[in-house]
Amino acid sequence: MSLEEFIELFADELDDTEVNHIAPSTEFKDLGEWDSLAALGIIAMIDEEFEVVVTGSDILKSKTISDLFDLVQERM
Amino acid sequence: MCESLFSLENKNIVVTGASSGLGASIATECSKQGAKLYITGRNSSRLQATYDNLGPGDHNQNVIDLLNEDEIIQYCQELPEIDGLVLCAGILKTLPIKRLSKKAIDEIFQTNLFSSMLIIKTLLKMKKINIGASIVFLSSISVYHADIGNSIYSATKGAIDSFMRVLALETAGRKVTCNCIAPGFVPSRMLESGAIAQDQLREEEKKYPLGFGEPVDIAAGAIYLLSDASRWVTGTILKIDGGVTLK
């Protein structure tokens, strides 16, 4: 999986954020529609697509999209 | 009535979902009150651990996959006539509604709801539920207290509440009582699976006027509902939640 593919999956999980508004350095918790439901959706997406378990505190600790991508890569 | 109101002496009691969490605690505490236990679970080593913790007596354990209807019916055939049934088997998957899959819906409903319906239906048909027996379902305060990601779990528990009330009516003629326990958040294995972080747990606990409960707090309610002390109590939902739903 590439970082670009990960960003696409991430954007697809959100309702109103276009993929071209998300970059590896995007601090996803600053996105306008980010909330705990979005976090649950991302956790479920990562579980389903990569069979990797990330927890709520992993999400809290990650700042940027690429932090999260790295975490998923490490656990694959 | 038995001399001790809350005694479970000479009662055959079945506990499903006894391999972990609340089910394990309920089985252990019931055995201490003198019941003869028939415990089931899906994980053989954890079920064995529950079995090893049971008080004195000649108890039974069976590993059952509640997703397999043939296994359920086979199990019911092997059971003797029973005085108590505690339906604790349950799974929780935290998923936003838009990420639900048919597979997840089927799995949660089969484990939390359909398997219990099938066990009860089968035992009734086989005339294995004694006069004056007690049936106790594990419901949840999540029926009334919505939380994101909990849709299917809550839906199964709401359905259990409704099913219980009809069952209570249909079995009252034989003095069978049917009730639910709606526990608040009791940290247990199901919840420690990783999806809920420790810091989130600490935040959650602040909402509980009495703090989080322990499995034994739920087991105490089950003992009451299984004992002769509650012989005139049917169709109720007993909240045991540390006061979290007061607010």
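1. By class, which residues make up the lining of the second largest pocket? Six are charged, four nonpolar and one polar. Bear in mind that this is a predicted model.

2. The lining draws on both chains. Chain A supplies E13(A), L14(A), D15(A), D16(A), E33(A), D35(A), L37(A), A38(A) and G41(A). From chain B come P96(B) and K98(B). Helix α2 of chain A, residues 36–50, gives the most, with three residues. The space in this second largest pocket is about 150 Å³.

3. Now the sheet in chain B. Seven strands form an open sheet with parallel pairing. Their order is β3-β2-β1-β4-β5-β6-β7. At the edges are β3 (60–63) and β7 (237–240) of chain B, each pairing on one side only. On average, neighbouring strands are turned by 15° against each other, direction ignored.

4. One strand pair can be followed in detail. Strand β5 (residues 129–138) and strand β6 (residues 177–183) of chain B run parallel. Five bridges join them. F137(B) has C180(B) as its bridge partner in β6(B).

5. Two helices of chain B deserve a look against this sheet. Helix α4 (residues 102–125) of chain B packs on the sheet. There, helix α4 touches β1 (12–16), β4 (82–87) and β5 of chain B. The direction of helix α4 makes about 170° with that of β4(B). Helix α2 (residues 44–53) of chain B lies across β2 (36–41) and β3 of chain B. This helix α2 runs at about 170° to β3(B).

6. Take F6(B) and Y224(B): their ring centres are 6.2 Å apart.

7. What does the pair tie together? F6(B) sits in the segment before β1 of chain B, and Y224(B) in helix α7 (residues 215–226) of chain B, so the pair links parts that are 218 residues apart in sequence.

Notes
Residues are numbered from 1 along each chain as its sequence is written. Chains are lettered from A and ligands numbered from 1 in the order in which they are written. This is a predicted model: local features need pLDDT of at least 70, side-chain atom pairs count only at pLDDT 80 or more; totals for chains, interfaces and linings use all residues. Side-chain values use heavy atoms; hydrogens and water are left out. On a 1 Å grid over the protein atoms alone, a cavity is a set of points where a 1.4 Å probe fits but cannot get out, and a pocket is an open set with protein on both sides within 12 Å along at least five of seven lines; lining residues have an atom within 4 Å of a point. Grid points are joined across faces, edges and corners, and a volume is the space filled by probe spheres set on the points. Helices (H or I, at least four residues) and strands (E, at least two) are DSSP runs, numbered from the N terminus. Ala, Val, Leu, Ile, Met, Phe, Trp, Tyr, Cys and Pro count as nonpolar, Asp, Glu, Lys and Arg as charged, and the others, Gly among them, as polar. Two strands pair if DSSP finds at least two bridges between them. Axes are lines fitted to C-alpha atoms, for helices over the stretch in contact, and angles run from 0 to 180 degrees between N-to-C directions. Contact means heavy atoms within 4.5 Å. Rings of Phe, Tyr and Trp (its six-membered ring) pair if their centres lie within 6.5 Å; planes under 30 degrees apart count as stacked, over 60 as edge-to-face and the rest as tilted.
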